[in-house]
Number of protein chains: 2
Amino acid sequence: MEKLSKPATEAPAESGTAHSFACRVALIGFGTVGRAVAKILCEQGTDSVRVTHICNRNVERKKQSWVPGNVIWTDDVQSVLNADVQIVIELIGGLNPAEQIVRSALEAGKSVVTANKQLIARHGPDLLQLAHRRGCQLEFGASVAGGVPVLPALRTGLSGDRLHGIAGILNGTCNYILSRIENDRIPFSEALEEAQARGYAEADASEDLDGGDARAKLTILALAGLHTRVIPESVRARTIRSIDAVDFDYAAELGCTIRQISRADLKAETLFAEVGPCLVPTDSPFGRVQRNLNLVLTSGQYGGDMAFLGAGAGGDPTAVAVVSDVLFVAQNLSGGAARKIASAKVSAPAISSDFETPWYLRFFVRDQPGIVARLAQILAEHHLNIDSVLQKPGFDKAALPFVITLELCRDSQLHPALEKMSALEFSLRPCLCLPILR
Amino acid sequence: MEKLSKPATEAPAESGTAHSFACRVALIGFGTVGRAVAKILCEQGTDSVRVTHICNRNVERKKQSWVPGNVIWTDDVQSVLNADVQIVIELIGGLNPAEQIVRSALEAGKSVVTANKQLIARHGPDLLQLAHRRGCQLEFGASVAGGVPVLPALRTGLSGDRLHGIAGILNGTCNYILSRIENDRIPFSEALEEAQARGYAEADASEDLDGGDARAKLTILALAGLHTRVIPESVRARTIRSIDAVDFDYAAELGCTIRQISRADLKAETLFAEVGPCLVPTDSPFGRVQRNLNLVLTSGQYGGDMAFLGAGAGGDPTAVAVVSDVLFVAQNLSGGAARKIASAKVSAPAISSDFETPWYLRFFVRDQPGIVARLAQILAEHHLNIDSVLQKPGFDKAALPFVITLELCRDSQLHPALEKMSALEFSLRPCLCLPILR
């Protein structure tokens, strides 16, 4: 409690004694991500943070029944900034008024968690310095690649490396459009219309198509991973609008496909950086990323190459990144008390290896008539369904390998049948039994 | 400074005033990983941590010239535990005496960073509780998947999710052997011997082949990601010794290959968990993991599926994980001062998009004789080497797409040629110019 950055000025009456270290959190911006953040925080019932304020324009129409009754709903940002909260979550996006809200919060010594990529790309270094000056924290794990924890990994697990390169598929809209053209050779305009109809692209998709969105994210990755301060506009962005279905035909001739790639390589005193469509090998990690997934590759002097893949957008994945940042800040503010609670929640469940799965059974037998019939009979007696029988030619009849695959069943159903089959007189080795993961 | 968990009892004389908040770190165990950890800490010249002790048996023969002269080399563990250090790095491995060393350090209020998977798999929950009781930290990011930052991601970027499943390729030895059999259909015994000869497998490889190593790692992932306390021996482990080259033939018939998979699924009150060879689709993330790489997939209620891929072993990647944990602990102990230093190191390099790469040039032309000759002449004048000329049949002669690929050259070399080519009278659109990433 003594390590809370700002001592509470009001008595934390509602929070009760048991949870008196709970961080008080205000949520500014209650759109898709804001609602998902509130939902996770309410559902998880974490003891280390407590939402006290939700702020949005026309807040009345935003109210949700699942939000606890003691949360204050307001459309007055200033009242939230004046309130006794330790963490402000900024989810309104854009530069104005988000920048002023974040600066005011930090000036007031409140830590800030944001998903605002334009704000961090443009003002990240300054805002980080402001946060440090005021003894609070600024986290922005949700600003790049949504739920893919690449920024947290750069902050923690990779901090001991010296990275020299970062490359990624950072814009789900472009990737959706390009992989749609790749798969069905539809015209660019048709792929774009489809993406818009499905909500993967906005009516004005320029920010996505022309690379502005990915460039802001690359700027943030370069800041967090390469420790470079870059003005987003100084990074060249090439549009994907000029890509034609025929380019996928020619790319295929070269063993490649086309993806919007954002990349930054630090060499000596120069940061080589750009965003735009590139040919990538079809069987490379980039070439295999379909739909609106995000992939980030990092290259380090000591740890070599790492890859991070996952859902780059969407309310829930982005909310995971925001909530994770909130928990991280709360843990720091509480001097580890938050983590203590988390570790106390460890459970000791029953352990089972009784997976339900399809199975691969491989037999080595001395060939003789009627083997499959005998095995099939045992399987039928145990209510196990055969999916296929495979026997490749050319093996020694004295030690013949062949395979039976089974439909979905539990390990425990299969086991007695296995014992019977392995005891048969033509069986040369115990049956090899492997789960088939689909 | 006031947040350092243990106030210094000796005056930090050598550290000087500017770095007086540097965490004092002792390294116990100076093998491959220990040496790599020391090297990174010395090379990076971080201001937030300072190695003060290196402890190993027969320490004299271990001394390195690149270690600063003020580091104390010792073979007396007790003297290290009694010394004024805030962080102890345990890299001796095994349970005994590592367990006693870690317990003693934590009891003394020193934070511990360890790569010891057997210790954490067996005693992790208790040791974490001990650490919390004593107000210090225990981190073990290097104990699973070496340099792949999956444990840090579970601790930070995914902490806001509720995970229900974790699966991974966690043992590089098994993956090396299985992917060798897959690629060349060599017998198991030959693949094992090769792995041993190359240093990927120990003389007694039972711990790897029979799943003990992966099981310990799965236990740790289940603790960190699913918040379950599991006794490693309660997880079934199946050996890969029974896999035959012929199994890869049959698996291929099913569109699959074989990998050692470690998996844990939390369903209601039961943890389904096991380690062993499984059939996985050849074109799945698991199926594509070759050699000694590690892959971990997580499944969460909110964020969906995430994948982490990278080098799972080796001195340098493992050392990155250890150093990252040390920096993380130092940051917590210094109340953010360490991070402040890190953020001050942001540089503002020159920005360039002048990548050197092979290129894809796509033209739309009104067909006429001599087009390729004209283009080739311009390219030759600019000293650009053609790699291939591609022209697919069946297009309208009035708007014919064709492609020239170029060997490696800089964007700046290419640009003047592009301008000339786009100005040619038969050119219907500006040439589309894409980098080819290999």
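Analyst: Two residues are counted as in contact if their C-beta atoms, placed from the backbone, lie within 7 Å. The model is predicted. With that cut-off, helix 1 (residues 32–44) of chain B lies across strand 1, strand 2 (49–55) and strand 4 of chain B. Relative to strand 2 of chain B, helix 1 of chain B runs at about 150 degrees.

These strands belong to an open sheet of six strands in chain B, with the order 3-2-1-4-5-6 and parallel pairing. Its edges are strand 3 (72–74) and strand 6 (138–139) of chain B, each of which pairs on one side only. Within the sheet, strand 1 (residues 23–28) and strand 4 (residues 87–90) of chain B run parallel and are joined by four bridges.

Strand 13 (residues 350–352) of chain B and strand 10 (residues 270–281) of chain A pair in the parallel sense over three bridges. Here A:Leu271 stands opposite B:Ile351 in strand 13 of chain B. The contact of the two chains takes 99 residues from chain B and 99 residues from chain A. On the side of chain B that touches chain A, there are 54 nonpolar, 26 polar and 19 charged residues.

Chain A is assigned three domains: domain 1 (23–144 + 317–344), domain 2 (150–313) and domain 3 (356–435). The centres of domain 1 and domain 2 of chain A, taken over C-alpha atoms, are 28 Å apart. Their contact involves 14 residues of domain 1 of chain A and 14 residues of domain 2 of chain A. On the domain 1 side, helix 4 (117–133) and helix 12 (315–333) of chain A each supply at least two residues. Helix 4 of chain A gives the largest share of that side, seven residues. By class, the side of domain 1 of chain A that touches domain 2 has six nonpolar, six polar and two charged residues.

Helix 14 (residues 371–381) and helix 15 (residues 411–422) of chain A pack at an angle of about 155 degrees, with axes 9 Å apart. Helix 14 of chain A is therefore roughly antiparallel to helix 15 of chain A. The crossing of these two helices of chain A is right-handed. A:Leu375, A:Ile378 and A:Leu379 in helix 14 meet A:Ala417, A:Lys420 and A:Met421 in helix 15 of chain A. The contact residues comprise five nonpolar, no polar and one charged.

How values were computed:
Residues numbered from 1 in each chain as written. Chains lettered and ligands numbered in written order. Predicted model: local features only at pLDDT ≥ 70, side-chain atom pairs only at ≥ 80, totals over all residues. Domains from an automatic or database assignment. Nonpolar A, V, L, I, M, F, W, Y, C, P; charged D, E, K, R; others polar. Axes fitted to C-alpha atoms, helices over the stretch in contact; angles between N-to-C directions. Parallel < 35°, antiparallel > 145°, perpendicular 65-115°, else oblique. Left-handed = near helix turned anticlockwise from the far one by under 90°. Pairing = 2+ DSSP bridges.
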